[in-house]
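Thanks for coming, everyone. Please have a look at the model on the screen before I start.

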Amino acid sequence: MLPDVVKRELEAVLGAGGVKDDPQSLVTHSYDGTPMQQALPDAVVYPENTEQVSGVMKALSRHKIPLVSRGSGTNLCGGTVPVNGGVVMVMHRMNRILEVDMENLTATVQPGLNTKQFATHIESLGLFYPPDPSSMAVSTLGGNIAENSGGLRGLKYGTTKDYVIGLEAVLASGEIIRTGGKLMKDVAGYDLTKLLVGSEGTLAVITEATLKLIPPPKAKKTMLAMYQDLYDAARTVSKIIENRIIPATLEILDNPTIRVVDDFAKLGLPLDMAAILLIEQDGDPETVERDIRVIEQICLDEKAVRVEVAKSEAEALKLLTARRSAFTALARLRPTTILEDATVPRSKIADMVVEINRIAKKHNVTICTFGHAGDGNLHPTATTDARDQDEVHRVEAAFEEIFEAAIRLGGTITGEHGVGIVKAPFLEWKVGETGMAVMKAIKAAFDPDNLLNPGKVFAKSARKRVVIEHG
Amino acid sequence: MADSATLIRPANGTSAPCGSMGDTLRAKLDYEQLTNCMRCGFCLPACPTFRETGVEAESPRGRIALMKAVADGLMEPDRAFEDQMNHCLGCRACETACPADVKYGQLIEQARDGIERHTDSHRPWVRAARRIAFKGLFPHQKRMRLLGGALKVYQKSGMRAIARGTGLMKLFPKHLEQMERIMPDASYKGVAERIGTVHPAAGERIGTVGMFRGCIMDVLFTETNVNTVKLLQAAGFDVVIPPAQNCCGALHAHSGERDGAAELAKGNIRAFREAGVDWIVSNAGGCGAQLAEYGHLLHDDPQWRNDAEWFSARTIDVSKLLFEFGRLPETFGDAKTGERVRITYQDSCHLRNGMKSSDAPRKLMNRIADAEFVELFEADRCCGSAGIYNLTQPETAGSILDQKMQHVKRTEAHYLLTSNPGCLLQMKLGIEKEGLSDRMKAVHIVDFLAERMKSARV
């Protein structure tokens, strides 16, 4: 429960309609897209502009009450679950495109703007905003920035961080900070823009962003390569990169994933295959043609059974949309899907696939694998049932080992989903003791009272890393 | 993962007396389905009320979270909970969008069923109207037809002219006044009374179709029912109209009267079982989706389960039956003689999301020689009719209709086709509201096709 005095102060900033603390509002802001994470906030607020965000933050910092800012709540690391209670700030009412600068090729947006709506609008202007997280039809740009979201085009075009060049944000004190600008070069001091991207709402509340736009590719082609062996498919990924071709998209789906995706999207995918690669190349028409021909040959050399090129753009779009549903579609198998996004150097993809399967077998759990293989980012997904405590523990043990394997292969515990609650205990494995100290110091500099999204990134207790020896 | 135990802090005041609404809901809600929602949020952009408000509680994910919170004892249902469940249009667009295959339509019906047993929130006139409609009217075909007769008397006797002329209709809320204006001429003679109950196929028989005539369809759109029979005959089907059939029960189920819906289901199963049909055809998406749910509705009734599954498995929409199994002319209508018109199509939500049929009507429309089919932007989005939603939630329904009509206008179509009486009425209302009556007509797809079947070249 929010103390009356605080509620009145918030209402003075936002108006009565901007503050809610009825059971319905609290329950519906107690979760996000992460399984098994739920906690009730004390209130939900809906600001309409930066001044209101600042006013709310000033009031909350006076009373030392935590704030969790959120967009559509689709993240997969527990990033917007209010574990310490406090106030959830929904950014949906700040959803305007403030400007598209056709001379500088930039767009300035508010954080609550829907990612897909924005991307579609930009396309209608003959420009291109590449970051395309699978949740883009639902997610907001603010959420993408806070989590530094990736997507299917990561390997060629990079991720959200590569397109954010300026920010306006509200600090824990309520002060407003502006970073970067419509600038392609800017080395004036530390790069606070990049620091805030991916900071998971723990350093500031993003209230405005300036994004870089690029000219769209002139042509694209999409193909499917089908395999009877998952390892062959994974090896193909490394081979393509080794041959110095960087496709726009290079996705892998294993058999269970193919089945559930097809059950949902009814595309007629080959259900008898152990794996498929979904590959898209874009660029100049000649380059696309040549690359697709070379990729096709590499696939066949690596024992692809069949290679099919999509006949139309509509068909290609259906394939990519279906791929975006993979994570949720896996819930058709079992109600709880726990998905991770361990990432390894691209040459190690096949090794990682082997490791995941070995670990799943060892712990007697079902782990399906799909993901953005082309950038080394796999999504091993355990299908389980939250009510089966014993199995959930085995899943946790398996993922712990998967994180360990990823780091051993030179990788990371999370490529694009963020640390949030669920990977906080493992962060130190990746960044080390000194890395943790620096990060904590940065957090303290921005937010000395630990009011912004507390309980995220930094775990109460870290997991001890047990390095497993292999003979 | 280490700290991933459920972190729910119990809300205040969760203890409730035994036999409360919360208890009933906990007994009624299918916990498996609630658990199947893994909260990815993919349903949010598909939901009309979420789009309207931008508020999480107004989304399918939000509503399921609320139901689950009640089921988990995290909160007791209050008036806001009731309102939220009733605010859902029940269009089930979220089901089509859901990769995890969560049966939201079933959950919302269970929730409303639980609420309906306890609620005291209906205003007295709503309560009386519900009792008359659900218990006294829809289950009785004869009474429906009598009502149709009464409506006809009103329309033809000059009473309507008086009501409109004197401004009497102005005394009603705006949305009811507009409704009255677009109401088609009613009939006390349904399709069976008009043309009989047995109709042989033209040419070699493909199979026997049992026609589901519907209540509203048979009173307000009798002609469409007659045309459905003619189309099916021409396409090679024997058609029977089992006289013992009754209301499908959709309005009951959507409004929380599940027991009433189950009784109606049994009546229909018996009637069509006895008629020995290969298919049960519906020309109303709302009814058809309910008929297809009988298997689920009677799943726990050992005496009826098998027959109910038999029934649901054979239920099919008229467009799909014609397109997939019928003998159709290469093109409907004559490109030479007919004047070329532009047509567009508004999906029936329950046909699209419940019966999973959106291709067949479009494929049929693309075979009309004298018409050019243009896709309506967001045709897959609810028009706001949603059963009786446009009567119970006029504001949201009106706002959704206004947006819909902006897209409709842009098609510049001469005919706006639909596959369900509720949508058809709502589209007629939209055309009237927008002042488009001189250049656009809302028509059931069956009527449009039947008109052209006459001049078809087989």
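Some ground rules. This is a predicted model, so I hold to limits: local features need pLDDT of at least 70, side-chain atom pairs count only at pLDDT 80 or more, and totals for chains, interfaces and linings use all residues. Residues are numbered from 1 along each chain as its sequence is written, while chains are lettered from A and ligands numbered from 1 in the order in which they are written.

Chain A. It has 15 helices and 16 strands. The C-alpha trace of chain A spans about 70 × 55 × 40 Å along its principal axes.

How much of chain A is buried? Of its 471 residues, 57%. Buried means 20 or more other C-beta atoms within 10 Å of the residue's own; exposed means 12 or fewer; partly exposed is in between; and C-beta atoms are placed from the backbone.

Now contacts. Two residues are in contact if their C-beta atoms, placed from the backbone, lie within 7 Å. In chain A, take the contacts with a separation of 6 or more: 73% of them are between residues 24 or more positions apart.

On to the sheets. Strands pair here if DSSP finds at least two bridges between them. One open sheet of chain A has four strands, in the order β1-β2-β4-β3, with mixed pairing. β1 (19-20) and β3 of chain A are at the edges with a single partner strand each, so one side of each has no neighbour in the sheet.

Look at β4, residues 87-90 of chain A. It pairs with β3(A) in the parallel sense over four bridges. Within that pairing, A:Val68 has A:Val88 as its bridge partner. β2 of chain A, residues 43-45, also runs parallel to β4(A), joined by three bridges. There, A:Ala43 partners A:Val87.

The next open sheet of chain A has five strands, ordered β5-β6-β9-β7-β8, and the pairing is antiparallel. β5 (97-101) and β8 (176-180) of chain A take the edges, each with a single partner strand, so one side of each lacks a neighbour in the sheet. Neighbouring strands in this sheet are turned by 10° against each other on average, direction ignored. Strand β7 of chain A, residues 164-170, runs antiparallel to β8(A), with five bridges between them.

Domains of chain A. The assignment gives domain 1 (4-90), domain 2 (97-212), domain 3 (217-325) and domain 4 (334-448). Those bounds come from an automatic or database domain assignment. The C-alpha centres of domains 2 and 4 of chain A lie 26 Å apart. Their contact takes 13 residues from domain 2 and twelve residues from domain 4.

Chain B next. Here we have 26 helices and nine strands. Buried residues make up 51% of its 458 residues. Chain B is assigned domain 1 (21-116), domain 2 (124-182), domain 3 (191-325) and domain 4 (341-453). Twelve residues of domain 1 of chain B are in contact with 15 residues of domain 4 of chain B. On the domain 1 side, α3 (48-53) and α6 (93-97) of chain B are the elements that give two or more residues.

Last, the contact between the chains. It takes 34 residues from chain B and 40 residues from chain A. Which elements of chain B supply at least two residues each? They are α2 (31-36), α4 (60-71) and α5 (79-87). α4(B) gives the largest share, four residues. By class, the chain B side has 20 nonpolar, eight polar and six charged residues. Nonpolar covers Ala, Val, Leu, Ile, Met, Phe, Trp, Tyr, Cys and Pro; charged covers Asp, Glu, Lys and Arg; the others, Gly among them, are polar.

Definitions and conventions:
Axes fitted to C-alpha atoms, helices over the stretch in contact; angles between N-to-C directions.
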